[in-house]
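The structure is shown first.

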Amino acid sequence: MAEVINMPRLSDTMEEGTVAKWLKNVGDKIEEGDILAEIETDKATMEFESFHEGTLLHIGIAEGDGAPVDTLLAIIGDEGEDISSLLNGKQGTSNNKAEAEEDTTTSEKIEESTVKEESNISSEIPEGVEIIKMPRLSDTMEEGTVATWLKKVGDEVEEGDILAEIETDKATMEFESFYSGQLLYIGIQEGESAPVDEVLAIIGPAGTNVEAVLQSKPSSKTEKVTTAETENIAPQEATNKEEKPLNSGQRVFVSPLARKIATEKGIDLMAVKGSGDHGRIVKRDVENFVPSKDVIAPAAVAETKITPESQVTAPQFVPIGEEHFEEVKNSQMRKVIAKRLSESKFTAPHYYLMIEVDMDNAKASREKINSLPDTKVSFNDMVVKACAMALKKHPQVNTSWKGDTTRYNQHIHVGVAVAVDDGLVVPVLKFTDQMSLTQIGTSVKDLAGRARVKKLTPAEMEGSTFTVSNLGMFGILEFTSIINQPNSAILSVGAIVEKPVVKGGQIVVGNTMKISLACDHRTVDGASGAQFLQTLRAYLENPVTMLA
């Protein structure tokens, strides 16, 4: 009998997985224990083995595609076995099939009847009637608010007239009409908001049945025209209703679209007579403009007014080129990182404490340790060890918020943030306080190396009670991190810098390092975090005390 294999939950936080690679093809013989595929989880890429024997009859998720946990991944069964019932989700008897077919026929008849009724109600938009929708006036705009209507129902509207002032997410802009006719209907009142493409207004011949238009289907031609012409609207704040003065000292009223066309055609707007409201220059005025022989070109005027101060003028900047971008599909790891960090940032009330540590003794101690045969420790290893020792003395920092309770962890598991190609993983050093510096160094090197090639197991990335993030090796002097929940705190480690410091009343060259502690205020108060940092500083400034 065929066996359905669903997308497995390969980690405690996994909600969906991506098939990185199929190692078997449809038709292949499968033995129990064979590796079917490599599946990318939110933490690593893992091999998924079969627990069944037979022939691979169906692959439900293609390479590179993602799907939620428990989605159909594959079907294994006997060669030639009929799996149509599994694919269609139908395993009933022939009577059930007949009932299903009868239900289908009935639903089709109902649907057909509904379509006929709708077709009787709906009709094409009458000739000369235009439905104006809420335009997308910025790249991030999802809805707009009508700040002011400059026309009211019954007014005659000419092409280029300003209909309304619309407030977007970036500015308040004038929205002009691309059609002529009477304003028959206003769909969004002043002060009201609506999503992009909501019906804003209707323009058409007087006496048009507006109710019929609202129930009509817009033709594809209308939609294309509205969209294409809306894209030509240039953003312009409504507060700047009067244009800036030009060379003549006068001000010119012009619509954004008309100004754009005039710029492209090299037309001097001072020579154009406007036919819009209050003499405003609109699109048709620019398109129909014919230069007069008596009009002196702006260049000629400039030549007659040359002064020593204005002999050198910069050419007008005309942008050229095209905007380019590339959309890359987010990996499962990147999506989970975004979700987890957003949850942490917006649920845990973060606050930050920062201190500067004298690292002279730490540098000297590290040199002596690394001078021993087959021994290599880093400053990060020393920080991890110091954190583990400090957590033993300050258990309040080694906690987790559980809503009604606070969990005090009696064990110390320090997570070390590691950057990988797709994002960030946090391998965990279990019982870090019991490890020596060299053991910490060896473990971190091994875990980080396997993390970068996605060979960590979920167990190696679970259970941290505190986290260390070090960007000092990248030259970052100081930074703050987002708490890796359910931890209550995370330490951010900057670079060690050589600079003048005061010791014994004298200015000398010293080595310092800035570290910051992000705390969850629900579990760690400011005084508790500050005391933890004092202990941590004492260990780092005198590393020998960590060996006591």
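Tryptophan 22 stands opposite alanine 37 in β4. The model in which this pair occurs is predicted. Strand β2 (residues 16-22) and strand β4 (residues 35-40) run antiparallel and are joined by four bridges. Strand β2 is also joined to strand β7 (residues 66-68), again in the antiparallel sense, through three bridges. In that pairing, glutamate 16 faces proline 68 of β7.

A further set of strands, β9-β16-β14-β11 in that order, forms an open sheet of four strands with antiparallel pairing. Because β9 (130-133) and β11 (156-157) each have a single partner strand, they stand at the edges, and one side of each is left without a neighbour in the sheet. The partner of β9 is strand β16 (residues 199-204), with which β9 pairs over four bridges. Within this pairing, isoleucine 132 lies opposite alanine 201 in β16.

The pairings described above are set out below.

| Strand pair | Sense | Bridges |
|---|---|---|
| β2 and β4 | antiparallel | four |
| β2 and β7 | antiparallel | three |
| β9 and β16 | antiparallel | four |

Turning to the helices, α10 (residues 379-393) packs against α12 (residues 526-541) at an angle of about 135°, and their axes are 9 Å apart. This angle makes α10 oblique to α12. The crossing of the two helices is right-handed. On the α10 side, the contact is made by Met382, Val383, Ala386, Cys387, Met389, Ala390, Leu391 and Lys393, and on the α12 side by Phe532, Thr535, Leu536, Tyr539 and Leu540. Classified by residue type, the contact comprises eleven nonpolar residues, one polar residue and one charged residue.

Key
Residues are numbered from 1 along each chain as its sequence is written. This is a predicted model: local features need pLDDT of at least 70, side-chain atom pairs count only at pLDDT 80 or more; totals for chains, interfaces and linings use all residues. Side-chain values use heavy atoms; hydrogens and water are left out. Axes are lines fitted to C-alpha atoms, for helices over the stretch in contact, and angles run from 0 to 180 degrees between N-to-C directions. Angles under 35 degrees count as roughly parallel, over 145 as roughly antiparallel, 65 to 115 as roughly perpendicular and the rest as oblique. A crossing is left-handed if the near helix is turned anticlockwise from the far one by less than a right angle, and right-handed if clockwise. Contact means heavy atoms within 4.5 Å. Ala, Val, Leu, Ile, Met, Phe, Trp, Tyr, Cys and Pro count as nonpolar, Asp, Glu, Lys and Arg as charged, and the others, Gly among them, as polar. Two strands pair if DSSP finds at least two bridges between them.
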